[in-house]
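Dear colleague,

I am handing over the structure we spoke about, and below it you will find what turned up when I went through it. Please read the notes with the coordinates open beside them.

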Amino acid sequence: AVSPFRRHAVVSDTYSETTELADIDWDSLGFAYVPTDYMYTMKCVRGGSFSKGELQRFGNIELNPSAGVLNYGQGLFEGLKAYRKVDGNILLFRPEENALRMKIGAERMCMPSPTVEQFVEAVKATVLANKRWVPPPGKGSLYIRPLLMGTGTVLGVAPAPEYTLLIYVSPVGNYFKEGVAAINLVVEHELHRATPGGTGGVKTIGNYAAVLKAQSIAKAKGYSDVLYLDCVHKKYLEEVSSCNIFVVKDNVISTPSIKGTILPGITRKSIIDVARSQGFQVEERLVAVDELFDADEVFCTGTAVVVSPVGSITYKGKRVSYGEGGFGAVSQQLYTVLTRLQMGLIEDKMNWTVEL
Ligand code: COI
């Protein structure tokens, strides 16, 4: 049968809409960069507001070597996804939440931010321009990466005089190489990703550079990723390099509360609401590392990882295992409800999805 998404179209320098699907192997998507057709840019001078942005052909960008983002890390990013429904239409998941989080992060990083409306419109335009890269239903999603950067020049430490919002997209499948199989984490108790009063609670680019060392060491030892502890007591769970963490004991779901050192994940927040709507008790509180040894189930949440079951955690050489190598009962239930909602397979009573 002819795919409903296949029609003749060409990609030109000026954006033209296409309903054709890109010619790639949709069954082997992981979480790796795949170049797409268009990106969106919008600029702002310090003290001003963002002007109307534009779509342009996807490609390298030109930056002055003295740009604030290159020299002092004045940059933020967001991550959200678009799913293709079985009827061919495209759904965004809670884009206003990303816009709001970018605003908060920009304030912390002394950057201006686009209005929620500008952000959402820019995301929509970028996705529509790259429609042929939204995977077929069930094959993955289009990951949308808005970057907010200090692109103006600085030499001394100061906020840059000019900013750029750039949005690009890439089709993705599962984040971890394990796919939907359980991941194996190691608790890091010496290196930290965030400190009280620091920037751990916003999505600044430096937070992710800060995890690379511990992550590389962990991966070399065969672990999937690292679970961080708070840097004051070295006792309470914070988050994994790219996602939030949840612990289940006797059907009560607990997750570290948002207190400035943990990224306020939109999937985290959505899973809490989904879990409560399914009748679970959810606690946002300090979760001690020792609780891992007594838990029935552990899972991670994030835009990129969605809901990812944890199969084992190692802390100071002691290893605890959960389940049979896949989802536990609770994470399976939450994953199913969330992803069905995101893909438009169940009624969106929460009003979370935006159809393009
Ligand atoms: C996301 O889940 O969108 C993230 O930002 C995590 C990223 C570091 C892969």
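This is a predicted model: local features need pLDDT of at least 70, side-chain atom pairs count only at pLDDT 80 or more; totals for chains, interfaces and linings use all residues.

G30 sits in the segment before β1, the strand that covers residues 38–45. With 13 other C-beta atoms within 10 Å, G30 is partly exposed, and once its neighbours within four places in sequence are left aside, G30 is in contact with G173, N174 and K177.

As for the protein as a whole, it has seven helices and 17 strands, and its C-alpha atoms fill a box of roughly 60 × 55 × 40 Å along the principal axes. For 356 residues a compact globule would have a radius of gyration near 21 Å, and the value of 20 Å found for the protein agrees with that. Buried residues account for 44% of the 356 residues. Of the contacts with a separation of 6 or more, 69% are made by residues 24 or more positions apart.

The ligand comes next. Which residues surround the ligand? They are G79, Y208, S242, G302, T303 and A304, and this shell divides into two nonpolar, four polar and no charged residues.

Turning to helix packing, two packed helices are described by the angle between their axes and the distance between the axes. Helix α6, residues 266–277, packs against helix α7, residues 329–342, at an angle of about 110°, and the two axes are 10 Å apart. Because angles of 65 to 115 degrees count as roughly perpendicular, α6 and α7 are roughly perpendicular to each other. On the α6 side the contact is made by S270, I271, V274 and A275, and on the α7 side by L334, V337 and L338. By class, the contact of α6 with α7 has six nonpolar residues, one polar residue and no charged residues.

Helix α7 also holds L341, which counts as buried because it has 21 C-beta neighbours inside 10 Å. Apart from neighbours within four places in sequence, L341 is in contact with I346, D348 and W352. L341 and G311 are 30 residues apart along the chain, and their C-alpha atoms are separated by 25 Å.

The loop between β16, residues 318–321, and α7 is the place of Y322. Is Y322 buried or exposed? Y322 is buried, since 21 other C-beta atoms lie within 10 Å and the cut-off for a buried residue is 20 or more. Not counting residues up to four places away in sequence, Y322 touches A295, E297 and V298, and it also touches V310, G311, S312 and G328. The C-alpha atoms of Y322 and P309, which are 13 residues apart along the chain, are separated by 9.0 Å.

Two backbone angles deserve a look when you go through the model. R94 has a positive phi of about 50° although R94 is not a glycine, and it lies in the loop between β5, residues 90–93, and α2, residues 95–108. R94 is buried, with 21 other C-beta atoms within 10 Å. V306, likewise a residue other than glycine, has a positive phi near 60°, and V306 lies in strand β15, which runs over residues 306–315. V306 is buried as well, with 20 other C-beta atoms within 10 Å.

Finally, M109 is found in the loop between α2 and α3, the latter being residues 116–129. M109 is buried, with 23 other C-beta atoms within 10 Å. What does M109 touch, not counting residues up to four places away in sequence? Its contacts are Q74, L76, V202 and T204. Of these, Q74 is 35 residues from M109 in sequence, while the two are 6.5 Å apart in space from C-alpha to C-alpha.

With kind regards

Key:
Residues are numbered from 1 along each chain as its sequence is written. Axes are lines fitted to C-alpha atoms, for helices over the stretch in contact, and angles run from 0 to 180 degrees between N-to-C directions. Helices (H or I, at least four residues) and strands (E, at least two) are DSSP runs, numbered from the N terminus. Angles under 35 degrees count as roughly parallel, over 145 as roughly antiparallel, 65 to 115 as roughly perpendicular and the rest as oblique. Two residues are in contact if their C-beta atoms, placed from the backbone, lie within 7 Å. Ala, Val, Leu, Ile, Met, Phe, Trp, Tyr, Cys and Pro count as nonpolar, Asp, Glu, Lys and Arg as charged, and the others, Gly among them, as polar. A residue is near a molecule or strand if its C-beta atom, placed from the backbone, lies within 6 Å of it. The radius of gyration is taken over C-alpha atoms; the globule rule is 2.2 Å times the number of residues to the power 0.38. A residue is buried if 20 or more other C-beta atoms lie within 10 Å of its own, exposed if 12 or fewer, and partly exposed in between; C-beta atoms are placed from the backbone.
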